[in-house]
Amino acid sequence: MQNVALSLENVSLERDGKVLLKKINLKICERERWVIFGPNGSGKTSLLRIASFYLHPSSGRVEVLGHELGKSDIRKMRHLVGFSSAGFADLLRPNLTAQEVVMTAAYGALEPWWHEYSEEDKAKALLELKRIGVEDLCDQTFGTLSSGERQRVLIARSMMSDPGLLLLDEPAAGLDLPARENLVTGLSMLSKDDSTPPIALVTHHVEEIPSGFTHVLFLRHGEIIAAGPMQETLNEKNLSACFGIDLRLDQYGGRWSASMDPEH
Ligand SMILES: Nc1ncnc2c1ncn2[C@@H]1O[C@H](COP(=O)(O)OP(=O)(O)OP(=O)(O)O)[C@@H](O)[C@H]1O
Ligand SMILES: [Mg+2]
């Protein structure tokens, strides 16, 4: 049997009398790479925040790498999950180098001077930059990187603590076409590396699915409408139901594209 990295059982989330997530059941196992789709406000970020222990569900069971939320020490659990989102770039000082940005994650710090970094930390940071294809940028300051390069550095940062689960919330948001393609290539490299933990990537666009990703989940109004292996679950029916419009889906060279179906 495969090792389960994330297990959500009947997870629901309510806020101000509104149901944001309803009875979510999901298992993400070793080596799986998931893409999570859903319209704005469908609960994707809430789901990732629950899986990274930053949000407590109203009911249900959350287990990450054998640690059950509510039964284990949360401070020991947080480093198990790597998390990166587009907004995180704003929290970092622009004059840190890319390597420092990655290294600071080793101690959960945003600033480098609180800790003495070992040669091991430095080598590990370089390795993580390399795994996503941006080792050449290691000495460049974060503030001078393009948005796409920043996203890749942030993903390298989220890998610094050797997490058992990697959660990425819309890393391609706001990127231009070359930057998006470079990010997708980087994620594809990372996903094919056997030492990479299971990944859950939130996006709105099938064009952003890196080749090598294995599973897909569709959320609508806080409920899972379909989830499973990519080849059988990513189809026009599920995509159209998820976004509420008739969509045509095409696949070419391991990548996907979607557009409005002209027949409807
Ligand atoms: N603390 C809160 N209190 C009340 N409502 C909230 C709270 N946090 C989130 N919501 C609501 O929950 C819903 C889901 O939000 P969430 O951020 O998870 O959506 P999302 O799928 O990530 O959307 P997007 O694609 O725009 O990022 C939204 O309607 C949002 O307004
Ligand atoms: Mg969101």
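This is a predicted model: local features need pLDDT of at least 70, side-chain atom pairs count only at pLDDT 80 or more; totals for chains, interfaces and linings use all residues.
A residue is counted as buried if 20 or more other C-beta atoms, placed from the backbone, lie within 10 Å of its own; helices (H or I, at least four residues) and strands (E, at least two) are DSSP runs numbered from the N terminus. Because 11 of its 12 residues are buried, α5 is largely enclosed by the rest of the structure.

Residues are numbered from 1 along each chain as its sequence is written, with chains lettered from A and ligands numbered from 1 in the order in which they are written. Local features need pLDDT of at least 70 and side-chain atom pairs count only at pLDDT 80 or more, whereas totals for chains, interfaces and linings use all residues.

The protein contains 8 helices and 12 strands. Its radius of gyration, taken over C-alpha atoms, is 18 Å, close to the 18 Å given for 264 residues by the globule rule (2.2 Å times the number of residues to the power 0.38), so the protein is as compact as a globular protein of that length. Of the 264 residues, 39% are buried.

The largest nonpolar core comprises 65 residues, among which Trp34, Ile36, Ala98, Val102 and Val153 touch the most other members. Such a core is a set of buried Ala, Val, Leu, Ile, Met, Phe, Trp, Tyr and Cys residues joined through C-beta atoms within 7 Å. Strand β1 (residues 4–15) gives the most to this core, with 5 residues. Leaving aside residues up to four places away in sequence, Trp34 touches Ile28, Ile199, Ala200, Leu201, His215, Val216 and Leu217.

Ligand 1 is surrounded by Arg15, Asp16, Lys18, Leu20, Gly38, Asn40, Gly41, Ser42, Gly43, Lys44, Thr45 and Ser46, each with its C-beta atom, placed from the backbone, within 6 Å of the ligand. Both β2 (18–29) and α1 (44–51) supply at least two residues of this shell, and the largest share, 3 residues, comes from α1.

Key:
Two residues are in contact if their C-beta atoms, placed from the backbone, lie within 7 Å.
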